[in-house]
Amino acid sequence: MKALRSNAGQLARLLLALALWLPAAAAIAGIDAKYPELRKAFPEATRFGDIEGTPPAAAVYRGDKVVGYAFETAMVAPVPAYSGKPINILVAIGADGSIRDTRVLEQSEPILLVGIPVQRLYDFVARYVGHRVDDRIVVGSGDGNVHIDAISSATVTSMVANETIMNAALKVAASRHVIAGAATGAGRPANQVRQDNYRPADWASLVAHGAIGHLHLSRQQVAAAFRGQPESGLVDDPTAPPAAGHGADTFIDLWFTDVTPPVVGRNLLGDAAWADLAKRLQPGDTAVAAMANGIYSFKGLGYVRGGIFDRLHLLQDGKLVLFKDADLVPMGDAVLRGEPAFAEQAVFIVHHAATGFDATRPWTLQLLVNRQIGPLRSLYHTFTRDYRMPADYTTHPASAASGIALPADAPLWQRVWYGRRVDIALLLAGLGVLTLILAFQDWLVKYPHLLERVRVGYLVYTLVFIGWYGLAQLSVVNIFTFIQATLHGFRWSTFLMDPMIFILWVFVAATLLLLGRGVYCGWLCPFGALQVLVNKLARRLRVPQFELPQYVHERLWAIKYLILLVLFGLSLQSLATAEHYAEVEPFKTAITLHFARSWGYLLYALALVAVSAFNNKFYCRYVCPLGAGLAISGRFHLFEWLRRRKECGRPCQICANECEVRAINQIGQINFNECHYCLDCQVTYNNDHKCPPLVERRKKRERAARPLPTPVLVTGAQTPQPATEQATST
């Protein structure tokens with residue numbers, strides 16, 4: 001009995017130990033179970049906490065003491081790279097602010113798939129181990145307390161990885177009080193740029209006031225920075241030691257400024273250009289202008305290959321701001337005005353909501369100079385200049401009647417919607433007008449000249465406002481993104497970040513359900529509107545039109561569905577890969593970037609626009625994967641408001657011959673999968689001078705209304721007599 005009690009006691013103690021051990025085991029089976037390499041970064045750790053907090057990170061414990069944190073950068077500071085997707089990196093930092101581990105978890109960089117081993121990215125990221133989260137790390141050589149060589153021929157990817165690691169580490173370290181003083185939020189700046197202090201000023205006075213920064217490099221200075229490094233071997237290498245007497249020659253003479261303050265922007269850009277620029281800026285955004293002369297271009301070639309300017313950057317609080325092609329403001333070369341004449345100039349928008357950049361605080365301009373020493377290897381040196389906006393250009397929000405109605409802690413998407421409230425109102429008004437057009441189409445088609453003016457006017461609105469201004473060109477990528485979000489954790493906030501795109505998709509979804517694909521393709525697609533307007537102008541100029549034979553035309557319809565199928569298959573494997581091949585859509589070149597792109601993309605877009613002058617909507621009919629996706633989605637629409645008669649196609653072929661996209665077959669049926677809802681067939685349907693049944697009815701009415709001929713009564717005339725009788729009487 002005693003032995004039994006002893007065994008029972010041992011069993012109880014065993015169960016108690018097991019109960020105490022299970023929570024600890026569950027904790028240890030947390031983030032370190034997913035990433036066992038973290039145990040090497042924290043050999044002293046006894047347990048790992050859950051990923052939690054803002055920004056999300058998992059605490060690492062030794063007993064009850066926190067010895068560090070681990071996190072994924074995609075959760076903390078996602079920075080879009082070449083692929084448009086962030087590089088996700090596992091980062092571990094110690095409680096002393098040191099970086100203990102960095103490992104690439106996921107990347108979609110196309111440049112690492114075409115000759116550059118991905119191992120180079122892994123090796124690059126590993127170099128951050130041992131540095132501190134508050135180190136000022138510069139990719140290449142330059143002004144900074146730590147220099148890390150970039151991946152050869154992948155400079156931009158290197159800088160994106162640098163920004164990703166350091167931004168995320170700073171945010172986590174500051175939020176957990178590992179370090180102090182780091183900018184971690186993306187709320188509104190503490191100060192704001194004054195808009196009420198405009199005064200005329202010339203170039204010299206702005207420079208003297210400190211509003212315009214300057215970086216001048218001679219060839220000798222650049223050559224000295226690369227002294228001791230391998231030579232390029234290129235005959236025209238601008239970084240090579242100059243010939244005797246040419247050391248003072250200008251390598252680059254770069255001037256830069258923030259043109260957001262009206263005293264700078266209006267004087268340099270002119271009133272009209274500055275006003276147009278101001279419309280593009282959201283609350284907290286800023287615009288930086290760069291102007292240069294010399295043998296070195298600050299734009300570089302990165303934006304041509306992947307959409308990122310790889311030579312000019314901004315640095316603030318250890319956070320690097322990269323300029324992308326979408327940030328470039330399309331302005332003519334003669335816009336910027338001043339004493340010097342510049343060979344190269346550009347204006348870039350810095351989005352505060354995405355970067356946390358505060359233009360009223362000090363920042364640094366970085367110019368990256370590269371020396372190519374082989375087909376896959378380059379050396380880099382970074383030159384910098386500090387900049388701070390003059391104090392009289394800024395004001396504290398408490399002294400400004402800003403009228404901001406949102407709370408400071410409002411979600412980011414709400415602040416974006418509030419900032420674009422005027423654009424949203426104009427878009428909703430335009431969609432309201434289109435709704436009225438569709439609702440009263442039966443009345444409107446009876447007035448062909450009025451309908452033509454309304455349609456042309458609306459297409460201009462679509463192209464200029466929705467497309468070139470609002471940048472709300474839909475894409476087949478949007479469909480793939482929605483499908484991926486539905487399959488892998490749907491969040492409304494992801495889609496609410498762009499109010500114009502979101503509102504447009506809601507309207508398109510409704511019209512797909514009710515009327516099919518035609519409403520978007522015929523009225524709301526900016527690139528489609530561009531094609532129609534070009535074709536109408538070409539017809540006015542009597543440009544001959546070319547149409548393919550009917551059997552060829554119908555078979556070419558299949559191309560866009562095949563393209564959609566291929567892209568959809570690629571999106572299941574990798575959305576980034578699908579986005580790359582979705583460049584078959586010329587929308588980014590022609591609409592989003594206003595044709596300001598590399599020559600390959602530009603020629604492709606211009607060719608499709610040119611073809612539309614001879615064959616209306618050639619791209620829409622045969623190539624567009626977005627149109628194919630909408631056709632499939634709207635195949636089973638509820639209503640068919642386009643009217644037909646039994647005589648249509650049997651034998652009348654007028655509507656079929658006049659349809660701008662040839663969506664009416666030979667028996668008079670409308671193929672709603674291909675119809676663009678232009679309403680031309682409805683104009684003919686109601687025209688009693690073109691539609692044969694109506695023509696016949698009109699003629700019957702006219703004959704019925706025509707009065708009968710009145711008989712003519714002849715008086716005072718004699719009846720002619722036969723000639724024999726006349727002779728007898730004579």
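Student: How many bridges join strand 11 to strand 12?
Tutor: This is a predicted model, in which local features need pLDDT of at least 70 and side-chain atom pairs count only at pLDDT 80 or more, whereas totals for chains, interfaces and linings use all residues. Residues are numbered from 1 along each chain as its sequence is written, and side-chain values use heavy atoms, with hydrogens and water left out. Helices (H or I, at least four residues) and strands (E, at least two) are DSSP runs, numbered from the N terminus. Strand 11 (residues 250-258) and strand 12 (residues 286-294) run antiparallel, and the number of bridges joining them is seven.

Student: Is Phe-440 buried or exposed?
Tutor: Phe-440 lies in the loop between helix 14 (421-439) and helix 15 (441-444). Buried means under 20% relative accessible area, exposed over 50%, and partly exposed in between (1.4 Å probe, protein chains only). Because its relative accessible area is 52%, Phe-440 is exposed.

Student: Arg-542 and Arg-662 each have a positive phi; which of them is buried?
Tutor: Most residues other than glycine have a negative phi. Arg-542, with phi of about 60°, is in the loop between helix 21 (526-540) and helix 22 (550-573), and is exposed because its relative accessible area is 77%. Arg-662, with phi of about 55°, is found in the loop between helix 28 (654-658) and helix 29 (680-685). Its relative accessible area is 13%, so the buried residue is Arg-662.

Student: What is the omega of the cis peptide bond that joins Thr-54 and Pro-55?
Tutor: Most peptide bonds are trans. Pro-55 is found in the loop between strand 1 (47-52) and strand 2 (57-62). The cis bond between Thr-54 and Pro-55 has an omega of about -5°.

How values were computed. Pairing = 2+ DSSP bridges.
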